[in-house]
Amino acid sequence: MIPSTTYSVTTAAVHLSPPFLHRPPINSPPPSSPFLTLTPLTNHISLSITMARSSLLVFLCLLVFINGCLSQTDQFPWSWGFQGSEQRQQHRFHSPKACRLENLRAQEPARRIEAEAGCTELWDPNNEEFQCAGVNMVRHTIRPRGLLLPGFTNAPKLIFVVQGSGIRSVAIPGCPETYQTDLRRSQSAGSSFRDQHQKIREFREGDLLVVPAGVSHWMYNRGQSDLILIVFVDTRNVANQIDPFARKFYLAGRPEMMQRGAGEWEGRSRRGSAGEKSGNIFSGFADEFLEEAFQVDSGLVRRLKGEDDERDRIVQVDQDFDVLMPERDDQERSRGRYIESESENGFEETVCTLRLKHAIGRSEHADVFNPRGGRISTANFNNLPFLRQVRLSAERGVLYSNAISAPHYTVNAHTVAYVTRGSARVQVVDNYGQLVFDGEVREGQVLMVPQNFVVMTRASDRGFEWIAFKTNDNAITNLLAGRVSQMRLLPVGVLSNMYRISREEAQRLKYGQPEMRIFSPGRSQGRRE
């Protein structure tokens, strides 16, 4: 322990006086030794003790300095992923009331909003299961040459591309416009205008896209077929500081109002009802404010505010969609230029070049594969590092005809599954051993499986495909049957006494299923016959 006597640490070249130490009297003589000395204000102490205490004080000063630097790093918004594991687990707000999960249901969209170049379908945000999990679901259908207007949301989103392809841009604050027009080419064409903007990102069917909270983005369908997007919004994420409802802020147009919630709070806050047109983020400002801010005339300000714009949130692009993108010919592909690498790690990425896409739908990315049963691919912070920032992950599954997904539960996350193709019979069991869901789920439906609830799935004759969004960046699945399951981890003696069975029966129970996670069809059917 440092004595209560006040000291001043000095050297021949530097006078180190931390804020918690008093400075020496002005008339105190300068030190005669070139080494670090500790001069008490009351009396002198031996050189050995002086150097020891000086070293301790210097060490404490460095410790305080390093701690301050680390605290600044934690405050930087893009550095959440470097926090400790305990801090990272505190990433979601809990439901303010107890969840009623005795009767789960496969959910259909509750509302459809038509737009000029497509439609938007909304699941009920007041659904008790969605409220318990703190999530919201939206489905966009964008026709060819359709543009989803730029906007941002108060919570992070994951977007799965069910069908089609296109381009998008995520406007990350503070990053430069790295895509620029060739000035010489513009001048040769008789124009001195030089456009520049942030990176344009391509996507296609099977891709998982990430959108942080509060970051504007747009999407454009440049394919020949409809673009279908399923959007998962984590409304209880710590990034959302408002309320447990998704709020979309548009930069253009006059989209139809979206219901946020129910009850007394909703009645006071909303200025309109469903079906009425709202405005974009510029609509509420005075014209003169916007004229001054953008240095434009009143006619352009009216366009900016979306007056008389009835196209809603998805608009048709009539003229050429003029954005800057690198040419990607076969030679550039062979050299790997302009192609986003799927093997980059988080330490090699910078904020402005973050990889916000993972091809979770490609079969070569499967984490579990059974040639007779199907495959499962996962996206978490290990293969898409930015997921650590938004605290979310995803799972893409394909079950072949009549294949079975092993009984399992997610240890640390809720699961919201959207059926992309086919159908399956699904059973979900709660902590009381009660069957809370037993039914068919089919294409276009959503099923929410709460944390730790056990689920088992059997595909129909047509097979079954799904995308599951999970409320943790490293969601852990615990299997209850097959290889690498809880049964394999228990000794035979424990199993025999658990179920009051013989050791031979316990061995069959433990080792009877040699497959992992996805079980081939036919084995159990033949045994029943």
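Q: Leaving aside its neighbours within four places in sequence, which residues is F469 in contact with?

A: This is a predicted model, and every contact below is read from its atoms. Leaving aside neighbours within four places in sequence, F469 is in contact with M137, L158, F160, L208, I230, F232, S393, A394, H414, T415 and V416.

Q: Which core has F469 among the residues with the most contacts inside it?

A: The general idea comes first. In soluble globular proteins, nonpolar side chains tend to be buried together. Here, the largest nonpolar core has 57 residues, and F469 is listed with M137, I230 and V428 as having the most contacts inside it.

Q: What is the strand order in the open sheet of 7 strands?

A: The order is 4-5-6-15-8-13-18, and the pairing is antiparallel. Strand 4 (111-115) and strand 18 (357-358) are the edge strands; each has a single partner strand, so one side of each lacks a neighbour in the sheet.

Q: How many bridges join strand 13 and strand 18?

A: Strand 13, residues 208-211, pairs with strand 18 over 2 bridges in the antiparallel sense. Within this pair, L208 stands opposite H358 of strand 18.

Q: Where does T141 lie, and is it buried or exposed?

A: T141 lies in strand 6, residues 135-142. Its relative accessibility is 16%; under 20% is the cut-off for buried, so T141 counts as buried. Neighbours within four places in sequence aside, T141 is in contact with A117, G118, C119, E121, D226, L227, I228 and I314.

Q: How many salt bridges does a search of the whole structure find?

A: Side chains of opposite charge can pair when their charged atoms come close. In this model the search finds 17 salt bridges. One of them joins the side chains of E256 and R111, at 2.5 Å from N to O. This pair links distant parts of the chain, 145 residues apart: R111 is in strand 4, while E256 is in the loop between strand 16 (248-250) and helix 5 (264-269). Both E256 and R111 are buried.

Q: Which residues are linked with E121 in a network of salt bridges?

A: The network links E121 with R112, E114 and R139. Between E121 and R112, the closest N and O atoms are 3.7 Å apart. E121 is buried, with a relative accessible area of 13%, whereas R112 counts as partly exposed at 48% relative accessibility. E121 is also one of the contacts of T141.

Q: What are the relative accessible areas of R313 and D312?

A: R313 is buried, with a relative accessible area of 1%, and D312 is likewise buried, with 1%. These two residues form a salt bridge in which the closest N and O atoms are 2.7 Å apart.

Q: Which residues form a nonpolar patch on the surface?

A: The patch consists of V494, M498, Y499 and L509, which together have about 340 Å² of accessible area. Helix 11, residues 492-499, gives the most to this patch, with 3 residues. Y499 lies in helix 11 and, at 40% relative accessibility, counts as partly exposed.

Definitions and conventions. Residues are numbered from 1 along each chain as its sequence is written. This is a predicted model: local features need pLDDT of at least 70, side-chain atom pairs count only at pLDDT 80 or more; totals for chains, interfaces and linings use all residues. Side-chain values use heavy atoms; hydrogens and water are left out. Two strands pair if DSSP finds at least two bridges between them. Helices (H or I, at least four residues) and strands (E, at least two) are DSSP runs, numbered from the N terminus. A nonpolar core is a set of buried Ala, Val, Leu, Ile, Met, Phe, Trp, Tyr and Cys residues joined through side-chain atoms within 4.5 Å. Buried means under 20% relative accessible area, exposed over 50%, partly exposed in between (1.4 Å probe, protein chains only). Contact means heavy atoms within 4.5 Å. Patches are made of residues with over 30% relative accessible area and no salt bridge: like charges are joined within 9 Å, nonpolar side chains (Val, Leu, Ile, Met, Phe, Trp, Tyr) within 5 Å. Accessible areas come from the Shrake-Rupley method with a 1.4 Å probe; for residues, only the protein chains shown count as cover. A salt bridge is a side-chain nitrogen of Lys or Arg within 4 Å of a carboxyl oxygen of Asp or Glu.
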